[in-house]
Amino acid sequence: MTNKKIIAVFGATGAQGGSVARAMLESKKYVVRALTRDVTQPKAQVLQDLGAEVVKGDLNDKASVEAALKGAYGAFLVTNTWEHFSKEKEVCQGKVVADVAKSQGLKHVVYSGLENVTRLTNGKLEVLHFDGKGEVEEYFWSIGVPMTSIRVAAYFENFLGPFKPVKASDGDYYTLALPMGDVPMDGISVADIGAIVCSIFNSPEEFVGKAVGLSAEALTVPQYADILSKGLGKEVRDAKITPEAYEKLKFPAAKEIANMCRFYQMKPDRDIKLTHRLNPKVKSFSQFISENQAALKNL
Ligand SMILES: NC(=O)c1ccc[n+]([C@@H]2O[C@H](COP(=O)([O-])OP(=O)(O)OC[C@H]3O[C@@H](n4cnc5c(N)ncnc54)[C@H](OP(=O)(O)O)[C@@H]3O)[C@@H](O)[C@H]2O)c1
């Protein structure tokens with residue numbers, strides 16, 4: 001038996017929850033209860049080997065959430081819009097956790113939220129994967145759950161995946177297409193989120209009831225391109241794409257990403273100084289790229 005506080009971590013087999021679970025295990029201050037729909041998957045086994053309790057938890061099944069949160073001091077919650085792309089589903093999943101946290105008297109929930117863009121812009125701009133999280137934030141606070149929302153900037157990891165530079169058809173260079181105009185875009189490595197969440201759980205008196213915007217740094221598209229050029233050893237140019245052109249690109253989330261960038265151009269509050277205080281080892285984009293040279297070679 002231990003008298004360490006139990007923190008239930010949703011999404012522990014994924015990027016954000018995985019970062020949180022690992023940082024909490026490393027801190028040795030908490031018992032980590034890692035939740036997954038499939039306790040037999042290899043990622044769940046890895047977490048168990050690192051010292052986590054691995055427990056079944058499905059956000060679409062309230063009874064499993066009730067069982068998974070029993071006896072917990074707190075919980076980290078991330079919901080994954082991209083798995084279903086339904087705002088209603090994401091809101092429903094978030095509210096289930098809020099209701100269970102309320103009825104079981106959890107002392108602190110850290111929720112990976114974002115702004116309700118539709119409400120903030122009076123319906124002028126809709127960003128589905130932000131809006132649902134914004135509604136869930138409001139719900140947690142409205143029913144009186146002690147909750148901190150972390151509003152995470154774009155992952156640096158996106159530059160190795162969905163935002164990666166694309167080889168130009170007319171020469172030996174790559175282009176980086178992000179419709180940000182001249183406005184710097186905040187970013188952070190998802191691997192650095194875990195230590196930040198740990199710091200937040202360590203100081204509930206400072207953070208309960210607040211939304212905290214997380215960013216390692218904010219760079220313009222030419223600045224991101226410059227750093228990528230150095231990492232890649234090939235020229236990367238800003239594609240200078242507009243949101244209007246971006247939303248016409250032929251992939252399913254083009255309009256959603258264009259609208260997200262329109263919202264980013266409105267400079268939502270991301271607190272770089274606080275982010276560095278909460279995790280003094282937070283990486284810059286240059287550091288991130290130099291540590292991920294191998295992934296860039298596959299471009
Ligand atoms: N990419 C970015 O730049 C960025 C920035 C800010 C915010 N976000 C947000 O981050 C979220 C995605 O998080 P991520 O990057 O950590 O995703 P991820 O790596 O794909 O992981 C998704 C996690 O969600 C869990 N999950 C999905 N459905 C579940 C359910 N019904 N019940 C329980 N667990 C469930 C999965 O667990 P199992 O499969 O093991 O059950 C998995 O661990 C998105 O909503 C996105 O909007 C992303």
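Visitor: Is the crossing of α4 and α6 left-handed or right-handed?
Guide: The two helices cross in a right-handed manner. Please keep in mind that this is a predicted model.

Visitor: Which residues make that contact?
Guide: On the α4 side, they are Lys-87, Glu-90, Val-91, Gly-94, Lys-95 and Ala-98. From α6 come Leu-128, Asp-131, Gly-132, Lys-133, Glu-135, Val-136, Tyr-139 and Phe-140. Sorted by class, the contact of α4 with α6 has 6 nonpolar, 2 polar and 6 charged residues.

Visitor: And at what angle do α4 and α6 pack?
Guide: Helix α4, residues 87-103, packs against α6 at an angle of about 25°, and the axes are 9 Å apart. Angles under 35 degrees count as roughly parallel, and α4 and α6 are therefore roughly parallel to each other.

Visitor: Which strands does α6 lie across?
Guide: Helix α6, residues 128-142, lies across β5 (108-113), β6 (147-152) and β11. The helix runs at about 160° to β5.

Visitor: Let us turn to the sheets. What is the order of the strands in the sheet of 7?
Guide: The order is β3-β2-β1-β4-β5-β6-β11, in an open sheet with parallel pairing. At its edges are β3 (53-56) and β11 (211-214), each of which pairs on one side only. From one strand to the next, the twist averages 20°.

Visitor: How do strands pair in general?
Guide: Strands of a sheet pair through backbone hydrogen bonds, either parallel or antiparallel.

Visitor: How many bridges join β2 and β3?
Guide: There are 4 bridges between β3 and β2, which covers residues 30-36, and the sense is parallel. Within this part of the sheet, Ala-34 stands opposite Val-54 in β3.

Visitor: What about the sheet of 3 strands, what is its order?
Guide: That open sheet has the order β8-β9-β13, and its pairing is mixed. The edge strands β8 (166-167) and β13 (236-238) each have a single partner strand, so one side of each is left without a neighbour in the sheet.

Visitor: Which helix lies across β9 and β13?
Guide: That is α9, residues 221-232, running at about 175° to β13.

Visitor: Finally, what does UniProt list for residues 4-266?
Guide: The unreviewed UniProt entry lists "domain: NmrA-like" for these residues. Over residues 4-266 the chain is 40% helix and 20% strand.

Key:
Residues numbered from 1 in each chain as written. Predicted model: local features only at pLDDT ≥ 70, side-chain atom pairs only at ≥ 80, totals over all residues. UniProt positions renumbered as here; feature names shortened; annotations may be inferred. Pairing = 2+ DSSP bridges. Axes fitted to C-alpha atoms, helices over the stretch in contact; angles between N-to-C directions. Contact = placed C-beta atoms within 7 Å. Parallel < 35°, antiparallel > 145°, perpendicular 65-115°, else oblique. Left-handed = near helix turned anticlockwise from the far one by under 90°. Nonpolar A, V, L, I, M, F, W, Y, C, P; charged D, E, K, R; others polar.
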